Amino acid sequence: MNLSGEFFAFLIFSLMAIGGAVFMISFTRVVHMALAMAFTFLSLAGMYVLLNAEFVAVVQVLIYTGAVTILMLYGIMLTRHRDEDQAEGRRWHRLLSFVGVTAFGLILLLTIWRLPLPESEADTASYTVQRLGEIVFRHYVIPFELTSVLLLVALVGAVILAKREGQS
């Protein structure tokens with residue numbers, strides 16, 4: 001096994017991603033959940049940098065970490081979500097969740113460790129940002145624009161629902 005700096009960086013980013021995901025499902029306040037999700041998205045962007053996919057990392061930061069998290073926070077603020085702490089009688093639930101996640105992680109780690117993977121290099125010379133732009137904006141321009149219209153309609157709908165809720 002090669003214990004290089006890249007391996008340790010991957011280990012740190014993967015632990016950050018798993019930790020953010022576990023925090024997201026463990027927190028009881030929705031704003032904290034959204035911030036934990038943003039933390040997970042940022043650590044995934046770090047993994048993309050390690051995989052020499054800088055464009056995907058930048059898109060991850062801009063779209064998921066930025067736009068989706070901000071959109072969720074707007075939705076939380078516009079719908080007047082009530083933060084209610086749950087009862088603290090969930091100690092067994094937390095302990096069993098921790099044991100289950102740890103066991104699943106160890107099984108997954110051992111399975112991946114023993115899996116024979118080929119060590120061939122991929123031909124990445126033909127995969128460029130220019131080629132990706134040509135494919136998206138020539139072949140898939142209609143689905144791309146329909147997605148943007150759908151997101152705009154969803155945002156306007158959230159604002160209308162929030163105003164109706166405030167008038168009641």
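Ala17 is part of helix H1, residues 5-26. Is Ala17 buried or exposed? Its relative accessible area is 10%, so Ala17 is buried; buried means under 20% relative accessible area, exposed over 50%, and partly exposed in between, with a 1.4 Å probe and protein chains only. Gly46 is 29 residues from Ala17 along the chain, and their C-alpha atoms are separated by 9.7 Å.

Now, what we are looking at. This is a predicted model, in which local features need pLDDT of at least 70 and side-chain atom pairs count only at pLDDT 80 or more, while totals for chains, interfaces and linings use all residues. Residues are numbered from 1 along each chain as its sequence is written, and side-chain values use heavy atoms, with hydrogens and water left out.

Helices here are DSSP runs of H or I with at least four residues, strands are runs of E with at least two, and both are numbered from the N terminus. The order from the N terminus is α-α-α-α-α-α. Of the 168 residues, 12% count as buried. Among contacts between residues at least 6 apart in sequence, 62% join residues at least 24 apart.

Next, the pair H2 and H3. Two packed helices are described by the angle between their axes and the distance between the axes. H2 covers residues 30-50 and H3 covers residues 54-78; they pack at about 175°, with axes 8 Å apart. The axes are lines fitted to C-alpha atoms, for helices over the stretch in contact, and angles run from 0 to 180 degrees between N-to-C directions. That makes H2 roughly antiparallel to H3: angles over 145 degrees count as roughly antiparallel, under 35 as roughly parallel, 65 to 115 as roughly perpendicular, and the rest as oblique. From H2, the contact includes Ala34, Phe41 and Tyr48, and from H3 it includes Val56, Tyr64 and Met72. By class, this contact has 19 nonpolar, 3 polar and 1 charged residues. Nonpolar covers Ala, Val, Leu, Ile, Met, Phe, Trp, Tyr, Cys and Pro; charged covers Asp, Glu, Lys and Arg; the others, Gly among them, are polar.

Between these helices, in the loop from H2 to H3, is Asn52. Asn52 is not a glycine, yet has a positive phi of about 60°. Its relative accessible area is 62%, so Asn52 is exposed.

Staying with H3: how far apart are its end C-alpha atoms? They are 34 Å apart, which agrees with the 36 Å that 25 residues should span at 1.5 Å a residue; the expected span is 1.5 Å times one less than the number of residues. H3 bends by about 30° at Gln60, the bend being the angle between axes fitted to the seven residues ending there and the seven starting there. The buried residues of H3 are Ala57, Gln60, Thr65, Thr69, Leu73 and Ile76, and they pack against H2. Gln60 has a relative accessible area of 7%. Beyond neighbours within four places in sequence, Gln60 contacts Phe41, Leu44, Ala45, Tyr48 and Thr65.

Last, Val101 in helix H4, residues 91-114. With 42% relative accessibility, Val101 counts as partly exposed. Val101 and Ile18 are 83 residues apart in sequence, and their C-alpha atoms are 10.0 Å apart in space.

Methods:
Contact = heavy atoms within 4.5 Å.
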